Amino acid sequence: MDNIEKILWGTSAITLLQIMTGFYLSQISDPINSPVLVFHVLTAILLLVTGVASFLVVKGILRLRNLASVNIFLIIITIITGSGFIIFKSSDLYGEFMPYIQMLLSIGIISNYAVMLGIKRTLNMIRQ
């Protein structure tokens, strides 16, 4: 396993952690005052950093670079929609509707990293 695969696996793990903590926050009665929210925000920042790192590592491979840039875009959109939970904390419509949007974006992020890992391993097999 080379450095690219390690970064892709790590970013996928962080995304899975984000999905689990986000689901937990959507199930409790007061997510704004939960200490898990702080952890969720910090892992979102870490996810953005690892997303940029994955872009920098794969920038020489066109297909992976394109997927990495889409992932950065998805991560930023997810962070923006997640910020709405803090800004509009009293809005019932936002609190009931947006967790689904965030879940779909998160599934897209982790799916893209799985595809990137598959492409990377296929390229490794072709080169051998």
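Analyst: Contact means heavy atoms within 4.5 Å. By that rule Val 58 touches Ile 4, Leu 64, Arg 65, Ala 68 and Met 116, with residues up to four places away in sequence not counted. The model is predicted: local features need pLDDT of at least 70 and side-chain atom pairs pLDDT 80 or more, while totals for chains, interfaces and linings use all residues. Residues are numbered from 1 along each chain as its sequence is written, and side-chain values use heavy atoms, with hydrogens and water left out.

User: What pattern does the protein chain follow along the sequence?

Analyst: The pattern is α-α-α-α, from four helices and zero strands. Both kinds of element are DSSP runs numbered from the N terminus: helices are H or I with at least four residues, strands are E with at least two. The C-alpha trace spans about 55 × 20 × 20 Å along its principal axes. Of contacts between residues at least 6 apart in sequence, 68% join residues at least 24 apart.

User: Why is Ser 54 called buried?

Analyst: Its relative accessibility is 1%, and buried means under 20% relative accessible area, exposed over 50% and partly exposed in between (1.4 Å probe, protein chains only), so Ser 54 is buried. Ser 54 belongs to helix H2. Beyond its neighbours within four places in sequence, Ser 54 is in contact with Ile 7, Leu 8, Ala 68 and Tyr 113. Buried residues make up 34% of the 128 residues in the chain.

User: What makes the pair Gly 51 and Ser 54 a polar contact?

Analyst: A polar atom of the Ser 54 side chain lies 2.7 Å from the backbone oxygen of Gly 51. A polar contact is a pair of N or O atoms within 3.5 Å; within protein, one must be able to donate a hydrogen and the other to accept it, and residues adjacent in sequence count only if both atoms are side-chain atoms. Ser 106, in helix H4, has a side-chain polar atom 2.9 Å from the backbone oxygen of Gln 102.

User: Is Ser 106 buried or exposed?

Analyst: Ser 106 is at 11% relative accessibility, so Ser 106 counts as buried. Ser 106 touches Thr 15, Ile 19 and Thr 78, leaving out residues up to four places away in sequence.

User: How do you know which class Asn 3 and Leu 56 belong to?

Analyst: Asn 3 has a relative accessible area of 57% and is therefore exposed; Leu 56 has 49% and is therefore partly exposed. Asn 3 is in helix H1 and Leu 56 is in helix H2. From C-alpha to C-alpha, Asn 3 is 28 Å from Met 103, and Leu 56 is 8.8 Å from Ala 68.

User: What makes a nonpolar core, and which members of the largest one touch the most others?

Analyst: A nonpolar core is a set of buried Ala, Val, Leu, Ile, Met, Phe, Trp, Tyr and Cys residues joined through side-chain atoms within 4.5 Å. The largest has 16 residues, and Leu 8, Val 58, Tyr 113 and Met 116 touch the most other members. At least two residues of this core come from each of H1, H2, H3 and H4.

User: Which residues lie nearest the centre of the largest pocket?

Analyst: They are Gly 22, Leu 25, His 40, Phe 85 and Gln 102, among 38 lining residues. H1, H2, H3 and H4 each give two or more residues to that lining, and H4 has the largest share, nine residues.

Key:
1 Å grid on protein atoms, 1.4 Å probe; cavity = no way out; pocket = protein on both sides within 12 Å on 5 of 7 lines; lining within 4 Å.
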